[in-house]
Amino acid sequence: MNLKYLFVVLSLSCLLMISSCSGNNDQETIILEESNPPHQVADELDKNVIPEENKKKKSDSANRQVALDIVKLDKNKDLEGGICVDDFNSGSKPNCLGGDLGAFDFMPNDFSQSCLEAYDPGMKMGDSGFSMRLDYDVDSTNPAFNGFWTKLNNFDASHFSKLIFWVKGDQEYGFTDVFKVELKNASGETGKYYIHNVSAEWQMISISLSDFAVINDFSDLVELIFVFEDRIASNKEGTIWVDDIFFVE
Ligand SMILES: [Ca+2]
Ligand SMILES: [Ca+2]
């Protein structure tokens with residue numbers, strides 16, 4: 001009788017130990033997967049496209065961090081009710097509206113003019129994520145313009161009043177303080193607006209949709225484009241960062 005009782009107790013203990021051990025194994029496996037997923041490593045490699053000279057900017061002074069924090073507070077206030085076109089924080093396509101994006105050149109075969117886009121983790125709005133870095137060159141013997149486009153996927157902005165985004169020029173490499181913003185709808189209407197006074201600090205650009213005067217219908221927008229032009233750029237070669245593109249009420 002006692003032996004039988006002892007056998008039952010031992011059997012139950014073994015079962016408990018086995019289930020407890022296998023439980024721990026599952027947990028460890030999950031933690032390992034979370035801390036080091038292979039696809040994330042691959043993604044990080046893909047994102048490492050920022051030139052060396054920009055990486056040192058990560059270690060910028062505390063003063064800049066304070067400035068960014070102030071800017072961020074203002075941003076949150078201004079983004080109430082806004083719809084994200086792109087904050088670039090995923091570090092890859094598509095944009096927040098599901099649209100494709102990229103840089104373009106007027107004359108791709110003229111290698112003296114170019115625009116390169118890169119997700120930049122070293123210079124962005126907020127504490128994490130990326131901005132879009134645009135290295136442009138419109139210094140050519142040929143007519144030159146280039147820039148960055150992002151698809152709006154037939155977005156209905158008819159209930160919004162403004163397009164806002166954040167922009168910053170590169171103090172060291174130089175930048176143009178003026179460039180063009182274009183908005184296109186599905187009917188082929190293209191509104192144009194020139195940004196002035198771009199500086200080496202982040203600033204919010206706010207454009208009333210009514211300033212894209214040519215556009216009559218904002219209910220079916222297809223594309224937003226930033227354009228650097230040789231005829232007007234204050235610096236024909238340089239670097240511009242953009243971030244947090246929103247439509248706001
Ligand atoms: Ca961002
Ligand atoms: Ca050039």
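Two residues count as in contact if their C-beta atoms, placed from the backbone, lie within 7 Å. Everything here comes from a predicted model, in which local features need pLDDT of at least 70, side-chain atom pairs count only at pLDDT 80 or more, and totals for chains, interfaces and linings use all residues. Residues are numbered from 1 along each chain as its sequence is written, while chains are lettered from A and ligands numbered from 1 in the order in which they are written.

**View 1. V85 and its contacts.** Setting aside neighbours within four places in sequence, V85 is in contact with N95, C96, L97, T150, L152, L224, I245, F246 and F247. V85 is also one of the residues that touch the most other members of the largest nonpolar core.

**View 2. The largest nonpolar core.** A nonpolar core here is a set of buried Ala, Val, Leu, Ile, Met, Phe, Trp, Tyr and Cys residues joined through C-beta atoms within 7 Å. Buried means 20 or more other C-beta atoms within 10 Å of a residue's own, exposed means 12 or fewer, and partly exposed is in between, with C-beta atoms placed from the backbone. The largest core has 43 residues, and V85, M132, V167, F228, I240 and V242 touch the most other members. At least two residues of this core come from each of β3, β4 (131-137), β5 (145-155), β6 (162-169), β7 (179-185), β10 (221-229) and β11. Strand β11 gives the largest share, six residues. (Strands are DSSP runs of E, at least two residues, numbered from the N terminus.)

**View 3. The loop between β1 and β2.** Look here for P94, which sits between β1 (83-86) and β2 (101-105). The peptide bond from K93 to P94 is cis, with omega near -5°. F88 is found in this loop too, and its phi is near 65°, a positive value in a residue other than glycine. Most residues other than glycine have a negative phi, and most peptide bonds are trans. F88 is buried, with 26 other C-beta atoms within 10 Å.

**View 4. D244 in strand β11.** D244 belongs to β11 (residues 237-248). Though not a glycine, D244 has a positive phi of about 50°. Is D244 buried or exposed? D244 is buried, because 26 other C-beta atoms lie within 10 Å.

**View 5. S114 and its partners.** S114 lies in β3 (residues 114-120) and is partly exposed, with 18 other C-beta atoms within 10 Å. Not counting residues up to four places away in sequence, S114 touches D105, D137 and N146. The C-alpha atoms of S114 and V138 are separated by 6.8 Å, although these residues are 24 residues apart along the chain.

Note on methods:
Helices (H or I, at least four residues) and strands (E, at least two) are DSSP runs, numbered from the N terminus.
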